[in-house]
Amino acid sequence: MQSSNARPRGSGGDAESSAENHDGHDVARAEASAGVRYDDPWYDELASGWGETGGDGTSVAPVTTAREVREERAAAAADVYLEVQRSAAFQEVRSRYRRFVIPAGIGFFAWYVAYVVTATSAPGLMARPVAGAVNVAMLAGLGQFLTTFLLTWAYARHARLRRDRAALELRWDTQELTRTARGGVAS
């Protein structure tokens with residue numbers, strides 16, 4: 001029996017017998033790789049840095065790719081952000097933020113829960129008229145809206161007076177450090 005490449009199939013003792021079951025594909029691949037020239041534009045080993053040799057026959061180190069350079073710069077930039085996060089200035093900004101937000105959040109939540117609990121457990125108190133058709137429940141409900149606006153105003157004021165300047169300085173410093181870490185020029 002003969003294969004499609006006109007070579008006899010069977011259990012012959014010739015050199016091609018190990019590749020006979022594959023119709024000569026392994027033999028063709030081995031012959032092709034042995035005859036590849038380094039100046040072949042389709043040869044991928046040169047592009048990847050494998051198999052390159054210098055003029056004296058020693059192997060050459062693989063060339064770093066643009067992707068590897070970008071990944072190294074991104075890692076350096078990530079280190080900048082971790083460094084800034086550990087800085088005393090950043091910790092101070094976060095501390096000022098927490099010192100306002102946590103008590104304000106707890107206070108507002110307590111006021112809201114008190115309103116809901118009172119409305120459900122003491123309907124007689126909430127129905128007590130204050131002036132005409134306006135009762136305690138209406139005033140407390142309007143008080144919820146008023147405290148929401150007051151809390152928003154207080155938060156914006158606190159941020160403007162105590163955190164924004166320091167946060168802006170941190171932002172500029174972080175951008176400058178990131179720019180230099182990515183290979184840019186510091187100004």
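**Helix α6 and its surroundings**

Student: What do the buried residues of α6 pack against?
Tutor: The buried residues of α6 pack against α3 (66–86), α4 (88–121) and α5 (123–126). Here buried means under 20% relative accessible area, exposed over 50% and partly exposed in between, using a 1.4 Å probe and protein chains only. Packing rests on contact, that is, heavy atoms within 4.5 Å.

Student: Which residues of α6 are buried?
Tutor: They are Ala140, Gly141, Gly143, Gln144, His158, Ala159, Arg163, Leu170, Thr174 and Thr178. Please note that this is a predicted model, in which local features need pLDDT of at least 70, side-chain atom pairs count only at pLDDT 80 or more, and totals for chains, interfaces and linings use all residues. Residues are numbered from 1 along each chain as its sequence is written, and side-chain values use heavy atoms, leaving out hydrogens and water.

Student: Where does α6 bend?
Tutor: Helix α6, which covers residues 136–181, bends by about 55° at Arg163. The bend is the angle between axes fitted to the seven residues ending there and the seven starting there. Arg163 is also among the buried residues of α6.

Student: And what happens at the start of α6?
Tutor: A side-chain oxygen of Asn135 comes within 3.3 Å of the backbone nitrogen of Ala137.

Student: Why does Thr174 count as buried?
Tutor: Thr174 counts as buried because its relative accessibility is 8%. This residue lies in helix α6, and a polar atom of its side chain is 2.7 Å from the backbone oxygen of Leu170.

Student: Which residues is Thr174 in contact with, leaving aside neighbours within four places in sequence?
Tutor: Thr174 is then in contact with Val80, Tyr81 and Val84.

Student: Turning to α3 and α4, how do their axes cross?
Tutor: The axes of α3 and α4 come within 5 Å and cross at roughly 60°. The two helices are therefore oblique to each other; under 35 degrees would be roughly parallel, over 145 roughly antiparallel and 65 to 115 roughly perpendicular, with the rest oblique.

Student: Which residues meet there?
Tutor: Val84, Gln85 and Arg86 in α3 meet Ala88, Phe90 and Gln91 in α4. Val84 is also one of the residues in contact with Thr174.

Student: How many helices and strands does the chain have?
Tutor: The chain has six helices and two strands, in the order α-α-α-α-α-β-β-α along the sequence. Helices (H or I, at least four residues) and strands (E, at least two) are DSSP runs, numbered from the N terminus.

Student: What share of the chain is buried?
Tutor: Of its 187 residues, 14% count as buried.

Key. A polar contact is a pair of N or O atoms within 3.5 Å; within protein, one must be able to donate a hydrogen and the other to accept it, and residues adjacent in sequence count only if both atoms are side-chain atoms. Axes are lines fitted to C-alpha atoms, for helices over the stretch in contact, and angles run from 0 to 180 degrees between N-to-C directions.
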